[in-house]
Amino acid sequence: MIHKKKPKLAVWKFASCDGCQLSLLDCEEELLAVAGAVEIANFPEASRAVVGRTYDLSLVEGSITTPHDAERIHKVRRASKFLVTIGACATSGGIQALRNFKDVKEFISIVYATPAYIDTLNKSTPISDHVAVDFELRGCPINKYQLVEVLSAFLNGRKPVTPRHSLCIECKLKGNVCVMVAHGIPCLGPVTHAGCGSICPSYARGCYGCFGPKETPNTSALSAQWEKLGSSPISIKRAFRGFNAFADAFRKESELYEK
Amino acid sequence: MNNSAKNDYPPGLIRADDLEHLLKALGAGGFRIQAPVIRDQSIVIDEIKSAGELPAGWTDEQNRGHYRIKRRSDNAYFGYVVGPYSWKKFLFPPSTAILEAKRTGNGFQVSAAAETVSPTAFFGIRPCDLRALQILDRVLIGSEYRDPIYQKRREQILIVAVNCTEPGGNCFCTSMESGPGAAEGYDIVLTEMIDAGQHNFLAQAGTERGNLILQQVPSEKATSDALKSAAEAVQMAARKISKKIDTADIKEMLYANAEHPRWEDVAKQCLSCANCTLVCPTCFCANIDDYTDLTGETATRVRRWDSCFTLDHSYIHGGSIRSSVRARYRQWLTHKLAAWHDQFGSSGCVGCGRCITWCPSGIDITEEVAAIRSGTVKAKAI
């Protein structure tokens with residue numbers, strides 16, 4: 001294939017654990033192919049070298065939690081032709097969005113010896129609340145095969161195959177037996193976005209919803225079924241307050257179970 | 001396929017202890033054997049080598065959104081009904097590469113994905129699932145447009161059916177005229193009989209190749225008493241079935257009720273998770289995905305199970321036609337029970353009850369049809 005120039009790739013970190021950008025380094029077999037297909041121009045986790053000031057593709061990890069980051073994301077947007085957010089933090093605010101349901105100032109006063117040094121926002125918000133995002137890749141963490149798929153799609157000018165349907169479809173494609181029906185285990189699969197490969201149900205555990213809400217999620221119907229299986233209101237609230245607590249559908253459902 | 005049953009082969013009585021010989025004969029005939037086995041506390045279909053791997057002494061408890069296996073008081077080999085996966089998965093695989101393309105100079109070269117298929121016996125397939133195969137045959141290879149993947153696999157299948165003598169909690173095959181006894185389409189059909197310490201199978205060949213297999217199994221001539229009690233056992237199962245769908249004019253009834261308020265009610269309970277369609281033995285919808293590698297040198301086209309419950313399924317330029325769950329549930333049920341008649345000349349439902357059991361929300365198709373019928377809104381001007 002004739003490339004005039006390899007596209008320049010940048011990886012940016014906001015409030016996050018680094019797990020998603022590490023998925024890129026975790027690509028193992030595909031890593032050389034990735035390195036061959038793009039010029040890794042700005043990726044502090046992998047290299048100190050910084051090439052140029054503008055990028056063909058930016059992968060953005062993390063949520064916006066500080067005034068400084070709320071500014072910085074606009075610079076990243078301006079420097080990027082395509083901006084793809086990766087992971088639950090960047091796409092829904094992440095686990096740190098649990099602060100959004102409480103008073104963050106209280107936390108600061110309890111946790112930090114000198115609260116005055118802390119400059120933080122009241123809410124942890126997804127990147128798409130701040131700038132235009134070209135594509136969102138879900139997951140906590142993202143699935144490295146899906147990341148390679150997004151890169152392949154970008155390089156070849158096609159739409160990535162990352163379906164928005166339920167996790168149940170992945171279970172059925174895999175041949176899993178439904179843990180909810182056959183074992184009575186509460187599972188978030190029926191309202192959760194596919195993508196992980198049904199890891200937890202494959203080990204007879206219920207889905208934890210790491211990939212956030214699927215398209216048209218019917219959270220209240222699922223909660224009703226969880227109640228029938230014996231789940232308490234508090235456990236239902238906690239189930240929806242995971243890594244994607246601030247994703248609209250999950251947030252609304254958990255708020256229904258708030259006293 | 002070409003194995004429509006003829007009952008001119010003499011029925012034989014096989015002792016349960018001799019079932020092993022039937023499996024050996026199938027193995028010797030070059031068949032891999034797919035049969036019910038226990039995995040993940042469920043009865044699924046997988047490859048077996050001996051009768052000892054069958055779930056003897058187990059049954060399944062099925063209810064709306066509920067499945068458990070339990071011990072039986074006897075040692076019946078087939079004392080349960082259908083599990084989470086139908087035989088569709090062997091003939092219409094969940095995911096399969098259709099073709100590959102490689103870049104060559106200025107163009108590209110396309111090759112069909114190679115696949116080898118070995119002769120396989122479907123051992124223990126129930127009458128409802130057998131009927132489902134006949135429906136899939138009609139849909140996928142019954143017209144001038146044939147699915148080569150299905151056809152290639154289907155040609156390798158030998159059918160050892162097992163009549164039902166005990167229905168499950170969600171069975172309604174009697175409504176769909178697909179059971180509990182198998183009428184046709186088998187190479188061999190077995191009826192299990194446990195009575196007064198006797199544990200036997202009435203074995204009936206339906207085709208010459210089935211007959212040749214049975215001839216290798218020790219058996220005695222079935223007495224008229226044995227024939228009678230096997231027939232009674234199947235009739236008894238039919239009487240025990242409590243769920244039903246009234247199929248009278250069902251096509252017209254459903255077409256007339258496209259705006260019934262019940263669709264809105266069921267949409268409140270429906271998760272649009274797609275489980276019902278994927279466990280259904282006749283749902284055949286698939287999606288085609290194209291993949292490229294990072295270099296853009298090779299591309300793969302993959303077919304995988306899809307469902308009318310996803311938004312992408314009805315996506316055309318500009319958006320999804322069935323954006324509401326109401327529209328998606330209505331589409332599924334109406335296609336299965338009504339439009340299927342127009343399209344393929346039969347119902348698409350065989351009454352296996354899987355969509356009821358494996359719905360995490362416990363929606364019952366028989367109840368939905370009854371509710372729509374009872375409140376039939378006569379078509380009226382808007």
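A residue is called buried here when its relative accessible area is under 20%, exposed when it is over 50%, and partly exposed in between. The close-ups below show a predicted model.

**View 1. Cysteines of chain A and chain B that form no disulfide.** By the criterion above, A:Cys171 is buried, since its relative accessible area is 10%. A:Cys171 takes part in no disulfide, and the nearest cysteine sulfur, which belongs to A:Cys187, lies 6.6 Å away. B:Cys273 is likewise counted as buried, at 6% relative accessibility. The closest cysteine sulfur to that of B:Cys273 is the one in A:Cys168, at 4.3 Å, which is too far for a bond, because a disulfide requires the two sulfur atoms to be within 2.5 Å. Over all chains, the structure holds zero disulfides.

**View 2. The open, parallel sheet of chain A.** Five strands of chain A make up an open sheet with parallel pairing, in the order S2-S1-S3-S4-S5. Strand S2 (39–42) and strand S5 (135–137) of chain A stand at the edges, where each has a single partner strand, so one side of each is left without a neighbour in the sheet. From one strand to the next, the twist averages 30 degrees.

**View 3. Pairing of S1 with S3 in chain A, and the helix packed on the sheet.** Strand S1 (residues 8–13) and strand S3 (residues 55–61) of chain A are paired in the parallel sense over five bridges. Within this pairing, A:Leu9 has A:Leu57, in S3(A), as its bridge partner. Helix H3 (residues 67–78) of chain A packs on the sheet and touches S1, S3 and strand S4 (80–86) of chain A, and the direction of the helix makes about 130 degrees with that of S4(A).

**View 4. The interface of chain B and chain A.** Here 47 residues of chain B are in contact with 39 residues of chain A. The two chains bury about 3,400 Å² between them, with 56% of that area on carbon and sulfur atoms. On the side of chain B, the residues B:Tyr85, B:Leu271 and B:Leu294 supply 21% of the area that chain B buries against chain A, more than any other three residues. Across this interface the rule finds one salt bridge. A salt bridge joins A:Arg164 to B:Asp312, whose closest N and O atoms are 2.6 Å apart.

View 5. In chain A, the peptide bond that joins A:Cys140 and A:Pro141 is cis, with omega about -5 degrees, and A:Pro141 lies in the loop between S5 and helix H6 (144–155) of chain A. In chain B, a cis peptide bond joins B:Gly179 and B:Pro180, with omega about 5 degrees; the loop that holds B:Pro180 runs between helix H5 (173–176) and strand S10 (188–195) of chain B.

View 6. A:Thr216 is not a glycine, yet its phi is positive, at about 35 degrees. A:Thr216 is placed in the loop between helix H9 (199–202) and helix H10 (219–228) of chain A, and is partly exposed, with a relative accessible area of 28%. B:Asp40, although not a glycine, has a positive phi of about 50 degrees. The loop in which B:Asp40 is found lies between strand S2 (32–39) and strand S3 (42–48) of chain B, and at 39% relative accessibility B:Asp40 counts as partly exposed.

Notes
Residues are numbered from 1 along each chain as its sequence is written. Chains are lettered from A and ligands numbered from 1 in the order in which they are written. This is a predicted model: local features need pLDDT of at least 70, side-chain atom pairs count only at pLDDT 80 or more; totals for chains, interfaces and linings use all residues. Side-chain values use heavy atoms; hydrogens and water are left out. Buried means under 20% relative accessible area, exposed over 50%, partly exposed in between (1.4 Å probe, protein chains only). Two strands pair if DSSP finds at least two bridges between them. Helices (H or I, at least four residues) and strands (E, at least two) are DSSP runs, numbered from the N terminus. Axes are lines fitted to C-alpha atoms, for helices over the stretch in contact, and angles run from 0 to 180 degrees between N-to-C directions. Contact means heavy atoms within 4.5 Å. Buried area is the accessible area (1.4 Å probe) that two parts lose on being put together, summed over both. A salt bridge is a side-chain nitrogen of Lys or Arg within 4 Å of a carboxyl oxygen of Asp or Glu.
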